[in-house]
Amino acid sequence: MTQSKLPLSSEHIAIIVIAFLGIVVAPYLNTLPPTSWLYISDFTLNLWGKYLTLAILAISVDLLWGYTGLLSLGQSLFFILGGYAFGMYLMLQIGVLGQSKSELPDFMVFLGYTQLPWFWRASHSFWFSVLAALWVPALVALVFGYLAFRSRIKGVYFSILTQALTYAACLMFFRNDTAMGGNNGFTDFKLILGYDIRAPETQRALYIITATTLLLIYLGCRWLTSTKFGKVQQAIRDSENRVLFSGYSTVSYKLFIFVLSSMIAGIGGMLYVPQVGIINPSDMAPDKSLEAVVWVAVGGRGTLVGPIVGAVSVNALRSYSTTAFPEYWLFLQGLVFILVVLFLPKGLVGLWTSIVEYISKQEGGLRGVWASVMESLMKRKGATK
Amino acid sequence: MKLLYHNITRLLLLFLLAGTLGLHAQTPSGGNTRQLITEAILSSGDEQKKKISELINADDVALTSTILTKWRKSEVYIATDAGDKKVPYTLEEDKPIRIDNGQPLTLPQGSAVETDGALRKAIASTLNLLGIADPDPKVRQGAVAKLGGQQKAEYVPLFKARLEKETNAQVKYTLKEAIAITELADASPEIQTEALKTLGSLYSKRSGDLLKKFAGDPSVPERQAAAKSSLVKLENYLSFCETIETMFRGVNYGSVLLISALGLAITFGLMGVINMAHGELIVVGAYSVYVMEGWFTRAFGDAGLQWYFIAAIPFAFVNAALVGLLLERSVIRFLYNRPLESLLATWGVSLVLQQSFRYIFGPNNVPINSPSWLIGNFTILDISFAYNRIFVVCFAALIILLTWLLLTKTPLGLLIRAVMQNREMASCVGVRTAQVNMLTFAFGSGLAGLAGAFLAQLGNVGPNLGQAYIIDCFMTVVVGGVGNIIGTVCSAISIGVATQTLEQVLQNSVLGKITVLITIILFLQIRPGGLFPTKGRGLED
Amino acid sequence: MKHLVQAGEKPTHHDFILAAEGVNKVFDGFKAITNLNFYMDEGELRTVIGPNGAGKTTFMDLITGRTKPTSGKITFAGNIELNPLSADQIYRLGIGRKFQNPTVYIHHTVYDNLLLSLKGSRSVFSTLFGKVTSTDKDRIYSILETIGLTECVHMLAGTLAHGKKQWLEIGMLLAQDARLLLVDEPAAGLSDEETAKTGELLLSLAGKHSLIVIEHDMVFVRQIAKKVTVLHQGSILCEGTVDEVQNNERVREVYLGRKAAH
């Protein structure tokens, strides 16, 4: 197929500019001397790194909810599974630097382990752990998804069951005898690939990796949703029976997207752990999955920019308000959620598009809107006089 | 109020006391009792111990045990009269009363009688023996069990004598058991064997360790066999009891689930979405009980504690229903055709409510005192049934009955069912669906409030209480099949029993819960629509 | 009345495109289909009529695998048994269905609706990496012409008028190139003119494809029907031409009797 060479659209330019700002400029500003007015502190950069991992999680939610109509309340489970898989590597990297000066992770020493459990052994390897952060969530999603989709569980039922699955896993990880650190989880990491994990350089590198990964995932999902597969996926969202009666095995399609999004969530979790420095089972409490859904709803579901915008803005708001007025954060979060669902079903992105559409419909574009606003203001002024 | 009540009772007591004192003055009641006790107190050494043990023959059992109890606590004093005669006395209401005649002491007060370990032991054993004849069957039973455990052959005639007089079945049982246990210490293997057999037929839980000891002793084969067979009998019996107890706990947990999930099932059946704030409606009910308790105890003192719960039940229902009504009017009614989104919006509501609870009642659990008629338990065959749990089970049954009547026998129920089955059609034939939605949602929420009221009697109440139950509630509704009350009943009871049984079997509550969750997921493989699926003939179901 | 075939009587030749033998379907004790025997030749256009609740839609559900028969078997193209297959497998055999309410992908364009229905591989891999060939495009545009929707090619299907949605759905069946088309009430909610056009479209398809059309509108049935099957209470009451069926005593009883009762 021949494709006519199009000049870059404004959308493409926006993506390139934002990616450049995020991946190159921000880390560069971090290397400036702190006295510079453009300086971005280590803390801020690290915070943004965390937001971007959460944005990856939000994309995985949106791929299911916004594009396939499957509201999964288990995405935080996959996120955390990825986190734990990579966290096991980080725990073993602590080695004798830990409090107990033992080769075993501290919590195992406290629990009286004398040697590593079998499923921990391979986590000494960095690449094995990276892969585990992908295939462990994928495997769970595959088994659960197969069972759920095969028996045609959908809608609210699917949401409830994924929530129950997450809840069960959460209970399991809280137990000490799972050998996953119980309710303290993993923390106190020291090294990653031999580098000091807390050093600003390492954190900066992690930030760049996160931002790049997010960009790749975004582009990948853009491609995916534009293929015929993406069309089938959205058709399933709108009328699953019709897709079935068009000869598509909706089970395989849903399973594919479910597994894929679990892997994306796993990647997010893998990048989250070294930057936040702690992971514990409370991160996979059923509420956390719902929070990720909130981000998508706030940003705008069924778009790929929406989840990123939503995850970053809600988490930035949370960071701000939990320090400014901690008691009211839950009120605020709940209210934002209710209001968004009631009045902004398409989220911030939808709001933006309607504003842009409104302006472009006005004569003379933005300038025309400005003129008409000024005009009406003048009129009112005249009226009061 | 409280003070007045106290004063009245105190006056009454004084009056009664005065009456009895007056009686004593004319005809010293209790025959030889006072004489015997005085002698015992004033003697010493082995002579004293003998006298103490003979006190079991005293005429007035109650008086004897009162004074002996005081003696044991070194609350018997000795005054000396002019003739250097020692006069023992005790203090009643801070007034010295002579033991020998029950009259107030007119002499200067003396010092307490000294007691040593041996003496206290002697007093205690007499007190126990006296307990056998105590008017209160509970005390009798306790005394018999204690004496039986000492395996002293000299008690057997006492037990046998009592057994003939005894009318209370439980005390009779304990007496037989005590006799058999005491006989186990007998020198003759034949008697021991008989006793072992008796214990087996009595299913005596208390003798489990003794049976095990004899079952492991091969010196007398016959005796060992008897012990073994009795032990097997006992163990079967105990595991039977345990099963029943687990079942009961399961049914109880199922009832709590049922009340909680019933409201959810109704609102879900009506509007097609699970209300994530349902857990918080439960908490509203629970806090209503707390508030009502506060009001009642402030208004009526201790008596209020007895009756507040009766008022708290409708209060919890109404409060939760009102919150539900508000929720329906402000949020849910805009989302009837967007089930997934209403799930999310109600979650937002649940966050706001949780934070409000923390704001109003504080972040910690609040204590709730149960009325005394809900505290305690009764026992059938070594299975104890707690009153509050029985109350919950009965009330769940009542609520089911009322809900069923409401849905099937009232005009409102007809409307609710009509809207549940086909909203468009119902509104076409003139049903005001908006009102029906509102009422049904309020009703479902009220049921959640009732569930909260009962949870408040079973455990702590805190802002996160709802979260602990909500997932189980979801499961119950999903397994039962949407909008089906019989299904909800069956699934609540099965999930309740399964959870308790698995926790019992696996000895681990978390593993039990996980197993139940996984079982439910697998169950839905076979029956995706739940136990009683609703069959639609529509194209997009 | 000589050609009238009695219910349950098996014709003598054997190259049926669809044959249902002794099919029963019970929903919670309600007998939706009772001992149904139905035979249809390749290339035939068969119209199925019957009062509400006669089991017409359930019969289609059984053919397309939406529900499974309680007993009996349905075979396609002579020897393929449909009972054990899932809905998407049955579709891939070449049985397409238009639902009673037009079901199209409302958030997709008309073009994409047809693209998704186009005959070809249905695997995840092929939808991810497959390319749309120029033959595919030609095919889509020729179908658009057939169903008269060339103008609307880039419109979202959800914004189409009811009648156009009906045609789009028929177009989607054409794109699939199904051997057997099941068309449930194609004329419902259409204007007279649209109904007539729909009838012509269906007639033009007969021969190349086999069609089963469920319809209530007797004018429409008259327009398209060659052979009519009357369903009543889950089994076949009679089969024959429109006239034969309309003159049949029992058919009149079923329809008129019910009317009289109302």
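A20(C) stands opposite I74(C), which is in β4(C).

Now show the two strands around that pair. Strand β1 (residues 16-27) of chain C and strand β4 (residues 71-76) of chain C run antiparallel, joined over 5 bridges. Strands here are DSSP runs of E with at least two residues, helices are runs of H or I with at least four residues, and both are numbered from the N terminus. Two strands count as paired if DSSP finds at least two bridges between them.

A word on the ground rules. Residues are numbered from 1 along each chain as its sequence is written, while chains are lettered from A and ligands numbered from 1 in the order in which they are written. Because the model is predicted, local features need pLDDT of at least 70 and side-chain atom pairs count only at pLDDT 80 or more, while totals for chains, interfaces and linings use all residues; side-chain values use heavy atoms, leaving out hydrogens and water.

**Strand β3 of chain C**

Stay in chain C and select β3(C). How many of its residues are buried? The count is 5 of 5, so β3(C) is mostly covered, where buried means under 20% relative accessible area, exposed means over 50%, and partly exposed lies in between (1.4 Å probe, protein chains only).

Look at both faces of β3(C). On one side sit L45(C), T47(C) and I49(C); on the other, R46(C) and V48(C); all are buried. In a regular strand, side chains alternate between the two faces of the sheet.

Strand β8 (residues 210-214) of chain C pairs with β3(C) in the parallel sense over 4 bridges. There, V48(C) stands opposite I214(C). Strand β9 (residues 227-232) of chain C also pairs with β3(C) in the parallel sense, over 4 bridges. In β9(C), V228(C) is the bridge partner of T47(C).

Zoom out to all of chain C. It holds 10 helices and 10 strands. Of its 262 residues, 54% are buried. Among contacts in chain C (heavy atoms within 4.5 Å) with a separation of 6 or more, 68% are between residues 24 or more positions apart.

**Salt bridges**

Select E42(C) and R179(C). Their side chains meet in a salt bridge, 3.1 Å from N to O. A salt bridge needs a side-chain nitrogen of Lys or Arg within 4 Å of a carboxyl oxygen of Asp or Glu. The pair links distant parts of the chain: E42(C) is in the loop between β2 and β3 (45-49) of chain C, R179(C) in the loop between α6 (162-176) and β7 (180-184) of chain C, 137 residues apart. E42(C) is partly exposed at 45% relative accessible area. R179(C) is partly exposed too, at 36%.

Over all chains the count is 18 salt bridges. Jump to K254(A) and E240(A), whose side chains form one of 2.7 Å, N to O. K254(A) lies in helix α10 (residues 250-276) of chain A and E240(A) in helix α9 of chain A, so the pair ties together parts 14 residues apart in sequence. Are these two buried or exposed? Both K254(A) and E240(A) are buried.

Still in chain A, select D188(A), K190(A) and R198(A). Salt bridges link these three in a network.

Move to chain B for E328(B) and R329(B). Their side chains meet in a salt bridge of 3.0 Å, N to O. E328(B) is buried, at 0% relative accessible area. R329(B) is partly exposed, at 28%.

**Where chain A meets chain B**

Show chains A and B together. In contact are 46 residues of chain A and 43 residues of chain B. The area buried between them is about 4,000 Å², with 74% from carbon and sulfur atoms. Buried area is the accessible area (1.4 Å probe) that two parts lose on being put together, summed over both.

Finish on R301(A) and E341(B). How many salt bridges are there between chain A and chain B? The count is 1. E341(B) forms a salt bridge with R301(A), with the closest N and O atoms 3.2 Å apart.
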